[in-house]
2 protein chains.
Amino acid sequence: MRILIIGGVAGGMSAATRLRRLNEDAEIIILEKGPYVSFANCGLPYYVAGEIEERSKLLVQTPESLQARFNLDVRPESEAIAINAQTKEVTVKNDKEEYTLVYDKLILSPGAKPLIPPIDGIKEAENIFTLRSVPDVDAISTYIDNHKPKKAVVIGAGFIGLEMAESLVQRGLEVTIVEKAPHVLPPLDEEMAAYIAKELHDKGVEIYTELAASAFEESGKVVVLENGEKLESDLTLLSVGVKPNTDVALTADIETGFRGGIVVDDHYETNKKDIYAVGDAIVVKQQINNQDTMIALASPANRQGRQVADIISGLDRFNKGSIGTAIVRVFDQVAASTGLNEMQLKSSGEQYDVIHVQGKSHAGYYPNAGTVLLKLLFNPASGKIYGAQAVGTDGIDKRIDILATAIKAGLTIQDLPELEFTYAPPFGSAKDPVNMAGYAALNIIEGVSESIQWHELEEKQSDGHILLDVRNESELIANGQLPNALNIPLDSLRERISEIPKDQPVIVSCHSGLRSYIAERLLKQNGYKVKNLDGAFALYSTIRPERIIK
Amino acid sequence: MRILIIGGVAGGMSAATRLRRLNEDAEIIILEKGPYVSFANCGLPYYVAGEIEERSKLLVQTPESLQARFNLDVRPESEAIAINAQTKEVTVKNDKEEYTLVYDKLILSPGAKPLIPPIDGIKEAENIFTLRSVPDVDAISTYIDNHKPKKAVVIGAGFIGLEMAESLVQRGLEVTIVEKAPHVLPPLDEEMAAYIAKELHDKGVEIYTELAASAFEESGKVVVLENGEKLESDLTLLSVGVKPNTDVALTADIETGFRGGIVVDDHYETNKKDIYAVGDAIVVKQQINNQDTMIALASPANRQGRQVADIISGLDRFNKGSIGTAIVRVFDQVAASTGLNEMQLKSSGEQYDVIHVQGKSHAGYYPNAGTVLLKLLFNPASGKIYGAQAVGTDGIDKRIDILATAIKAGLTIQDLPELEFTYAPPFGSAKDPVNMAGYAALNIIEGVSESIQWHELEEKQSDGHILLDVRNESELIANGQLPNALNIPLDSLRERISEIPKDQPVIVSCHSGLRSYIAERLLKQNGYKVKNLDGAFALYSTIRPERIIK
Ligand SMILES: Cc1cc2nc3c(=O)[nH]c(=O)nc-3n(C[C@H](O)[C@H](O)[C@H](O)COP(=O)(O)OP(=O)(O)OC[C@H]3O[C@@H](n4cnc5c(N)ncnc54)[C@H](O)[C@@H]3O)c2cc1C
Ligand SMILES: Cc1cc2nc3c(=O)[nH]c(=O)nc-3n(C[C@H](O)[C@H](O)[C@H](O)COP(=O)(O)OP(=O)(O)OC[C@H]3O[C@@H](n4cnc5c(N)ncnc54)[C@H](O)[C@@H]3O)c2cc1C
Ligand SMILES: CC(C)(COP(=O)(O)OP(=O)(O)OC[C@H]1O[C@@H](n2cnc3c(N)ncnc32)[C@H](O)[C@@H]1OP(=O)(O)O)[C@@H](O)C(=O)NCCC(=O)NCCS
Ligand SMILES: CC(C)(COP(=O)(O)OP(=O)(O)OC[C@H]1O[C@@H](n2cnc3c(N)ncnc32)[C@H](O)[C@@H]1OP(=O)(O)O)[C@@H](O)C(=O)NCCC(=O)NCCS
């Protein structure tokens, strides 16, 4: 049996190694267009930064090591240029020749390629880079070394754009980010991304949002924005998204679907018999709402690679889809998410509710506890968890990993308080932020608490709601005040309750939403109509800094 | 309505605050025997060490703050000495008087107290301490300040004993640990605990296991062990376990069960109407095997406290039991566990299988990745996960929290590869150790791999199994050799396969078990009868250092 694999990195090489473990006698040939296989794409930005010092660390395996250990026939600089599904042949092109290979089974893991929008002047520009491969990173590094650029423009503020913005700052460049969407880190919701925008700003990165680059001038030295503004750039990184690498698949009329991705069945088989596909190039089922989506992440690519090897080897495996869990470090902040965000929920017409809780990465009484802001999206009737997002300095990965596990397992917000986590002062809290998010969500579902979101506050205030801030005097002075707020510290609320007019609905805020929730309960039981400002001052002042009175 | 609560810390005060949030008008009185309420028991060892510098940090709330915020009537130094379940009265004793209080509902959260075995000379000793409360920690700190002890003996190597051993070393003492069980950290299995024993040893702590202290001589200055050996001690910490604090419960004939714990129903109600109990003092159902157990941890105590408040307030809650998730830092190592260990599985007659995998806390190609050794206990037929343990420097809490979530959700090992975790180089790997554990366990279940455990090796070798070590020459030199092992590096195995006699069963080892598994697959498909040494050299050399040839 001969198995051909197109694409020798995450999905392709995971399939190859697993195939070998299950089939010592199969002939396994891996075709890779680029000069390297099995490289750490995800490490590329950190290599630019100099955090990963040795280039060799990026090369997890080499053709030689894969030959020695797995008896794999790895062919770098060999592009598959055509597939004939009838004759089961692939045409391969390298620098010397073109030849054909027959296959019994063919696996496509061609990945995705950076989107390059047809912007005016892009062809003439000499300083525009994209980042997908080791040669790309070499080109960027060489350019920095030789041209000593001072100013960089990063177009696109997704995960790779932000990692590269930080890396370029670490290399001493002055960085400006241009993002067409309304906010950086579009996979996250606006108010969560605001923390990352603030961090970028604090670290000297300039940000333009809701603006696309519309032209490059002077060989790329000038980036022109939609509004006519011009940015100087010595080096421009284009990271506006990726599209599936389907050129060779299309030569065999392999079916593509959502956003041009390769369509596979629940055994990763395409519409052509014995041709399978995995990784960034395929359409996957978003497990939470069963809709088609594309998820360009390494963990699903690796898993799918192993699964397709199992399927080809006759083991019982299913393509169940993915939920999408991602993380990014941006200087001293970390942002992560799993499942669906608000935009996705809105577009799929799902009813959802939102809570934000702010906890500590470990016990507050033990030194160096970081703040964890956790957002949960859930069905207000069933408690089904749709998604979670978190930002903070520390422990962000852990909370999102737990919630990703909970979502995969079909746990509801009712289950979150029951979860028992490791707790000792350096590691957690007796009530972890994940438990706490469960409590807060449960209070919403059971009607114990009602909340409004940050974007509703201004309207509610003009509708005649009273805004009650229960923080202490010292906090108001240190951090600023909410507009038109009545201030009664929580611990004086019982004695000063009569100061709050009873005929108007009240919105309560504090710093994180915890004390205001306690105030809400107190006031509710005293006959007030009251709602909690979800996320409270901490969140509001981050997403609406211009409304804070200092 | 008057609600009385006995015990003003984790379970009791969590019940009190939640009760207030749900019942603004209830009268809530908390009786606490000691001088402090709402204190951070779990922080006490870190205060001894000086890591938590301010004593005030240990006091999460005070009677005054609880009065101001929650209108709670908190009565420290007030011991409940008797309960009359008929008349619904509690007798309270403080330094001035005894009085009775009637209640509508009574919640017991009296916690547990340190076990003090009746060892000869214990009464006469002047330097023996236990640690449960702030006064206890004050006594230890004062003793250290005044007496400048040089040598300490810690009796009992459970979580608190180990935390205190480290704290005392940090305070400059020479520490010896005495543990009756066969190994330190008895809640973990022997080979996992061996990593902690090694760390203690490396940090200069002497350890005696399988030995109890049998007498104290010279006012405690000498600790005599069962075998007659004598240890000098300037300060002795007794941490041999806890027992439920049931004195006051027994005055009302409240039913106790397993290990003397208070028996409650699925609404936390005792056999006496309107008397509820939570926390360390109650018997809980181990959710994994439905057996009675005691779990003395803060997270369940806090949860139960809130749940009993809900139940009393008419909300729909159930006492579902606990699985038990715990963690301890011991110098630079961290050990954690969730669910059942081997001893518990054996004693409950469960069929189980074991795998160990060694992964990295984050991508190996990114700096400072720590080693995560993960052990999974699972049902070989159904894949049900019984428990997990992990040791390492970093990321231990995360993996055990994920697995605790998986266990609570009823996920099986078949589900673990499907879990999608946050992955970027500083935070994880494309295949997290949790995914990897799933793969390895699945290979066992599906017969792709067979393994033996570390304790079976010696016997297998004398039974005529060949031990094949597939590490490289350089590793043998650096780390030592396994006894009587044939060495063929994995990458030369195909060409040198004929060196391995085909008529004898083979056990393969490498460093972590990954390469030996690859070798196992290679050999199996070449007709060998072969098993993988689970955990391989890294594990074996830790638990059986005396068998390693250097
Ligand atoms: C800079 C960067 C940072 C990233 N960071 C993260 C991260 O932190 N976390 C995360 O989860 N994911 C990250 N990713 C995404 C992750 O790398 C991908 O999801 C994953 O590599 C996809 O695997 P794949 O096998 O589908 O594609 P790839 O790994 O991209 O491999 C596809 C290979 O196929 C080759 N190929 C394509 N067509 C042909 C052909 N016709 N003939 C021969 N060869 C062909 C390509 O040259 C390519 O090498 C990052 C990606 C990049 C570029
Ligand atoms: C040193 C130490 C370190 C710990 N570390 C951890 C850790 O890292 N992680 C973890 O999960 N758990 C840890 N624990 C355990 C955790 O503190 C307990 O599980 C938790 O506090 C139990 O809550 P509880 O309400 O049942 O009892 P407690 O919090 O102990 O509260 C019970 C209170 O009741 C009072 N009381 C008893 N009888 C009466 C009476 N008759 N009248 C009036 N008052 C009475 C007691 O004085 C006591 O203050 C640690 C415990 C200690 C002592
Ligand atoms: C590295 C790469 C070649 C895959 O190699 P691999 O051998 O499949 O993966 P690993 O080295 O992680 O080993 C995993 C195997 O070891 C087994 N294993 C690991 N630890 C084990 C242990 N202690 N005992 C037994 N088996 C163990 C696993 O079960 C798995 O085997 P299986 O798939 O047959 O079940 C491929 O993932 C790759 O090219 N990666 C780099 C590119 C990439 O991923 N880029 C994107 C992210 S930056
Ligand atoms: C602190 C202690 C008094 C409990 O106080 P508490 O008010 O119940 O707990 P927290 O301060 O954590 O607040 C939790 C509440 O805030 C709510 N909350 C938290 N963040 C919120 C937010 N952003 N929005 C809305 N509500 C929020 C939670 O839902 C919960 O309320 P609920 O129980 O009514 O649902 C008690 O746990 C204690 O005494 N602890 C110290 C002792 C101890 O635990 N020792 C052992 C471990 S060291």
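Q: Hi! What should I know about the numbering and the model before we start?
A: Residues are numbered from 1 along each chain as its sequence is written, while chains are lettered from A and ligands numbered from 1 in the order in which they are written. The model is predicted, so local features need pLDDT of at least 70, side-chain atom pairs count only at pLDDT 80 or more, and totals for chains, interfaces and linings use all residues; side-chain values use heavy atoms, without hydrogens and water.

Q: Thanks! At what angle do H6(A) and H16(A) pack?
A: Helix H6 (residues 190–202) of chain A packs against helix H16 (residues 536–543) of chain A at about 70 degrees, and their axes are 8 Å apart. Axes are lines fitted to C-alpha atoms over the stretch in contact, with angles from 0 to 180 degrees between N-to-C directions. H6(A) is therefore roughly perpendicular to H16(A) (65 to 115 degrees).

Q: Which residues make the contact?
A: From H6(A) come Glu190(A), Glu191(A), Ala194(A), Tyr195(A) and Lys198(A), and from H16(A) come Ala538(A), Leu539(A), Thr542(A) and Ile543(A); contact means heavy atoms within 4.5 Å.

Q: New topic: is strand E16(A) covered on one face or both?
A: Both faces of E16 (residues 235–238) of chain A are covered. Leu235(A) and Leu237(A) on one side, and Thr236(A) and Leu238(A) on the other, are all buried (under 20% relative accessible area, 1.4 Å probe, protein chains only).

Q: And which residue is the bridge partner of Phe129(A) in E16(A)?
A: Phe129(A) has Leu237(A) as its bridge partner there.

Note on methods: Helix = DSSP H or I, 4+ residues; strand = E, 2+ residues; numbered from the N terminus. Parallel < 35°, antiparallel > 145°, perpendicular 65-115°, else oblique. Buried < 20%, exposed > 50% of the residue type's maximum accessible area, 1.4 Å probe, protein only. Pairing = 2+ DSSP bridges.
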